[in-house]
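Please examine the sequence and the structure shown here before reading the report.

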Amino acid sequence: MERERGAGAGGSRFAGNAAAVFTIIIWGTTFISTKVLLVDFKPVEILFFRFVMGYGALLLACPHRLKNVSAGQEMTFALAGLCGICLYYLLENVALTCTMASNVGVIISIAPMFTAILSRLIPDKTGGAGDKLGAGFFLGFGVAMAGIALMSFHGAGMQFRPVGDLLAVLAAFVWGCYSVLSKKISAFGCPILLTTRRTFFYGILFMLPALGLFHFEPGLWRFKDVTCVLNMVYLGLGASAMCFVTWNIAVCALGAVRTSVYIYMVPVITVVTSAVILKEPVTWVSALGMALAVAGLFLSEYGGKGRSVKKR
């Protein structure tokens, strides 16, 4: 019986890691689609259209209603939508207009540390794996941040710009909040498609007041361009609908902290994709940075004794 439980847990961890890897590969390549769309769309327009499309896809995939939701659970969904869908992307987009992209890339990568701190401060009654920290997590964080800094600042240098950098820190913080809230949502025992759709609903709802502030224009004529349609579909169906589901699967299986460290791989995927698709050169400094980021991921995931184990 113990052997069967162990095998089941191992299978769940494998599925969680696979889901996290898949998600990060897609998220690491979204910059190409975003770069193409920015020619005709404002950042807030891309954000709104992709999540409306993602919500529609989830509705078609699972048109059932989410039933028997308590007021407290509804509040958790609302906060997750506010943090992970609305605030995170808005803060990141505004930060990119106020500071260097390299600064944002490094600062956003501290999200796993915020996730770890919040996971320790906020009680978790689920007993899920991954929320207890060991020395390996902190060592991995340092190694990964060094690698990400090498990839981000190589050839650019860091310029301190307080407003933009602070907004990037806030973006990393709200993503940490979203990760912890996702862990709580996974404990509700509801279908992941339905919980993700409910989170999207609140994210879009909270986004509406910001549309006027950022001068949103529907401009549906832009979708006559096949290139715009294909890239928006990639962001809406792939990076939004599908990847938020697979990310939530990973959080459910691994815990908020162990899933969040996969964020270290986003710059690596970006560098590799740039080299393959955009033919951008990979220098030895970038290669070293990628190696350190991967090493940091493995140290955080497997290098310490900080995994939590359920008592049976």
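This is a predicted model: local features need pLDDT of at least 70, side-chain atom pairs count only at pLDDT 80 or more; totals for chains, interfaces and linings use all residues.

## Nonpolar core

The largest nonpolar core comprises 84 residues. Within this core, the residues with the most contacts are Trp27, Phe51, Trp175, Phe244 and Trp247. Helix H9, spanning residues 226-254, contributes the largest share, 13 residues.

Trp175 illustrates how parts of the chain meet. Apart from residues up to four places away in sequence, Trp175 touches Trp27, Phe244 and Trp247, as well as Gly84, Tyr88, Ala111 and Ile263.

## Thr30 in helix H1

Helix H1 covers residues 2-37 and includes Thr30. The relative accessible area of Thr30 is 13%, and a residue counts as buried under 20%; Thr30 is therefore buried. With neighbours within four places in sequence left aside, Thr30 is in contact with Tyr234, Leu235 and Ala239.

## Packing of helices H3 and H8

Helix H3 (residues 71-98) packs against helix H8 (residues 192-213) with the axes 7 Å apart and at an angle of about 55 degrees. Because of this angle, H3 is oblique to H8. The crossing of H3 past H8 is right-handed.

On the H3 side, the contact is made by Glu74, Phe77, Ala78, Ala80, Gly81, Leu82, Ile85, Cys86 and Leu90. H8 supplies Thr195, Arg198, Thr199, Phe200, Tyr202, Gly203, Phe206, Met207 and Ala210. Sorted by class, the contact of H3 with H8 has 12 nonpolar, 4 polar and 2 charged residues.

Definitions and conventions
Residues are numbered from 1 along each chain as its sequence is written. Side-chain values use heavy atoms; hydrogens and water are left out. A nonpolar core is a set of buried Ala, Val, Leu, Ile, Met, Phe, Trp, Tyr and Cys residues joined through side-chain atoms within 4.5 Å. Buried means under 20% relative accessible area, exposed over 50%, partly exposed in between (1.4 Å probe, protein chains only). Helices (H or I, at least four residues) and strands (E, at least two) are DSSP runs, numbered from the N terminus. Contact means heavy atoms within 4.5 Å. Axes are lines fitted to C-alpha atoms, for helices over the stretch in contact, and angles run from 0 to 180 degrees between N-to-C directions. Angles under 35 degrees count as roughly parallel, over 145 as roughly antiparallel, 65 to 115 as roughly perpendicular and the rest as oblique. A crossing is left-handed if the near helix is turned anticlockwise from the far one by less than a right angle, and right-handed if clockwise. Ala, Val, Leu, Ile, Met, Phe, Trp, Tyr, Cys and Pro count as nonpolar, Asp, Glu, Lys and Arg as charged, and the others, Gly among them, as polar.
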